[in-house]
Amino acid sequence: MAANPERTHPEIWIEGLAAERKRLRSVAKPFDFSSMPYKELAALIRRMRKIMREANGVGLAANQIGLPHRLFVAEVPVNDGTKFYSVINPAIEKMSTEKATIEEGCLSVPGIWGDAPRAERVTLVGQDLRGKSLKIKAWGLLARVFQHETDHLDGKLFIDKAKNLHRAEKDNSEPVQDAKNNQ
Ligand SMILES: [Zn+2]
């Protein structure tokens, strides 16, 4: 495969570099709330949200910026705006047998797109910034993002399961939906 194109964001690690691939392929250990003060965790989440937005992504897992923490952020369009999520120690508790195959991309695999089969609906469990348990039922794009980001924390990338992988340069003429599926 040809050399990877430019990074999607200076702080986002990419699969095309061996040293960074190692982190992207590692399984994140459960996050220990006693290891990081709340303020520091909240600052980390704000930083991840900023990076995700700057990269036009809809999700970002901690290992995508080289950190070992088991957490991700996500933000998807809703009626007239977006809804932001931060989930610590996420796990997919339930997934529908019904699948949807949609073109997907990844901020850590720049320029590559592919058709990834995912469960249409999932129940995500995890914790909020204070360590309180949360459970979110999701469908459509949000369900897809939750699966993509949870996979990241298990060292899995969408290219492992996507079909018809192809290279496409990111440019403004792309349908918005494609850019919005970049995670
Ligand atoms: Zn990704």
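**Close-up 1. Ala74 and its contacts in the predicted model.** Setting aside sequence neighbours within four places, Ala74 is in contact with Val58, Gly59, Tyr85, Val145, Phe146 and Glu149. Two of these names come back in the next view: Ala74 and Phe146 are among the members of the largest nonpolar core that touch the most other members.

**Close-up 2. The largest nonpolar core, with its 38 residues.** Look for Ile12, Ile51, Leu60, Phe72, Val73, Ala74 and Phe146, which touch the most other members. Helices H2 (38–54) and H3 (140–153) each give two or more residues to this core, and so do strands E1 (59–61), E2 (71–78), E3 (81–95), E5 (112–119) and E6 (121–127). H3 puts in the largest share, five residues. As a rule, nonpolar side chains in soluble globular proteins tend to be buried together.

**Close-up 3. The E6–E7 hairpin.** Here E6 runs antiparallel to strand E7 (residues 133–139), and seven bridges join the pair. Arg121 stands opposite Trp139 in E7. Five residues sit between the two strands, and Gly131 in the turn has a positive phi of about 95°.

**Close-up 4. An open sheet of three strands, in the order E4-E5-E8.** Pairing is antiparallel. E4 (99–105) and E8 (163–167) take the edges with a single partner strand each, so one side of each has no neighbour in the sheet. From one strand to the next, the twist averages 25°. Three bridges link E5 and E8, and Asp115 stands opposite Lys163 in E8.

**Close-up 5. H3 across E4 and E5.** The helix lies over both strands and runs at about 105° to E5.

Conventions:
Residues are numbered from 1 along each chain as its sequence is written. This is a predicted model: local features need pLDDT of at least 70, side-chain atom pairs count only at pLDDT 80 or more; totals for chains, interfaces and linings use all residues. A nonpolar core is a set of buried Ala, Val, Leu, Ile, Met, Phe, Trp, Tyr and Cys residues joined through C-beta atoms within 7 Å. A residue is buried if 20 or more other C-beta atoms lie within 10 Å of its own, exposed if 12 or fewer, and partly exposed in between; C-beta atoms are placed from the backbone. Helices (H or I, at least four residues) and strands (E, at least two) are DSSP runs, numbered from the N terminus. Two residues are in contact if their C-beta atoms, placed from the backbone, lie within 7 Å. Two strands pair if DSSP finds at least two bridges between them. Axes are lines fitted to C-alpha atoms, for helices over the stretch in contact, and angles run from 0 to 180 degrees between N-to-C directions.
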